[in-house]
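Here is a short report on one protein model. Look it over first, then read on about its pockets and its overall build.

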Amino acid sequence: MSAPYLEVRSLRKRFGEDEVLKGISVRLDRGECLVLLGPSGCGKTTLLNIISGGLEADAGEVRCDGEALDVPSEGRFVPVRRRGFAMVFQEFSLWPHMTVAENVAFGLRMRGLARHEREDRTMRALERVRMEAFANRWPGELSGGQQQRVAIARALVVRPRLLLLDEPLSALDARLREALKDEIAALLREEGITAVYVTHDQAEAFAVGDRVALMNGGRIEQIGPPEALYREPATRFVASFIGTSTLVPVRAEGGLAHWPGGHATPLPPGASGAGPFHFLLRREAVHVEARNGKPPLTEDGTVVLPAICRRERFLGDRYEVLAELDGELWLRGFGRGRIAAGEPVNVRFSMEDVRCLAD
């Protein structure tokens, strides 16, 4: 295995009595974007700040391209200004008394580059974020999305060893976030930039990241490509945080899975042992239809269970339905037509689409 470009090993950080990072380890290849995803308070921003040099670790190691940046056991700590990294924050942090071009060129001026080189690199960076026409504007004349594009250009123009992005889209409205996340993803891949990106938004993480590290309580619950976290969650936390789904507690007996309310279904492919288990049913795998009087049945790996529609929501191309089974279980699924609250329904799914998570 080749040496990683960025390596974080057994990282720990405590604030008073609160241990925020509990032995975090992660490796990042050159040109890869790793997204740190998780709920508020999980430790993702603390981890980013230690990588950047804004905080010192209590224990562990941070190395980039073979250089030790933070190794407490050796008394080694390289400050922010000497790491050669660049940071993009959720606040745009542009200097209001400088033009767009002056904001972008500031880091180059601090590095002593000649004027003609500063101007050339500044315009190329602005072109990459489609802001070259605004070079002589003031930050106050720009929209939020335009200001964040300028902040990204300012980070890229210095050609950082590593680009760090801390919730860069959280200050924008939903429509701008949707557009800009795709632009950032394309920019990182086209330029081959090595990046660590922090967000709490799953759609953003999946659009931008080559790999996603889902954090919880100071630890990494699972790390891998977005598809792996979605299709093969390693824990109940991953299953509940990623996507919209239902976790059903079941027990295995006699080769069947026994659900709350007395239902019994086959075990999904690959399931073994007596459990107890939780079945993961993704919303898109559950089809809800008005009950037409025929008795529910199970055949060819397809399960049909009787339920009552408790709530429906129109999503444009389909309806999301919340169905209640026997007063003990609620399943989310999709229906093709409108179903009124209180109407009897059948919920239908294939056991091929069920994931089994051991308790």
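## The second largest pocket

How do the residues of the lining of the second largest pocket divide into nonpolar, polar and charged? Eight are nonpolar, two are polar and seven are charged. Keep in mind that this is a predicted model.

The second largest pocket holds about 350 Å³ of space. Its lining has 17 residues. Closest to the centre are Leu 156, Arg 159, Pro 160, Glu 191 and Ile 193. Two elements, α3 (115-128) and β8 (162-166), each give two or more residues to this lining. The largest share comes from α3, with four residues.

## The largest pocket

The largest pocket has about 560 Å³ of space. A set of 24 residues lines it. Phe 85, Ala 86, Met 87, Arg 111 and Val 158 lie nearest its centre.

What classes make up the lining of the largest pocket? There are 14 nonpolar residues, six polar ones and four charged ones.

## The whole protein

The protein has eight helices and 22 strands. Its C-alpha atoms fill a box of roughly 80 × 50 × 40 Å, taken along the principal axes.

Of the 359 residues, 47% are buried. The protein exposes about 17400 Å², and carbon and sulfur atoms supply 47% of that area. Take the contacts with a separation of 6 or more: 64% of them join residues 24 or more positions apart.

Terms used:
Residues numbered from 1 in each chain as written. Predicted model: local features only at pLDDT ≥ 70, side-chain atom pairs only at ≥ 80, totals over all residues. Heavy atoms only, no water. 1 Å grid on protein atoms, 1.4 Å probe; cavity = no way out; pocket = protein on both sides within 12 Å on 5 of 7 lines; lining within 4 Å. Points joined across faces, edges and corners; volume = space filled by probe spheres on them. Nonpolar A, V, L, I, M, F, W, Y, C, P; charged D, E, K, R; others polar. Buried < 20%, exposed > 50% of the residue type's maximum accessible area, 1.4 Å probe, protein only. Contact = heavy atoms within 4.5 Å. Areas by Shrake-Rupley, 256 points an atom, 1.4 Å probe, with all protein chains shown as cover.
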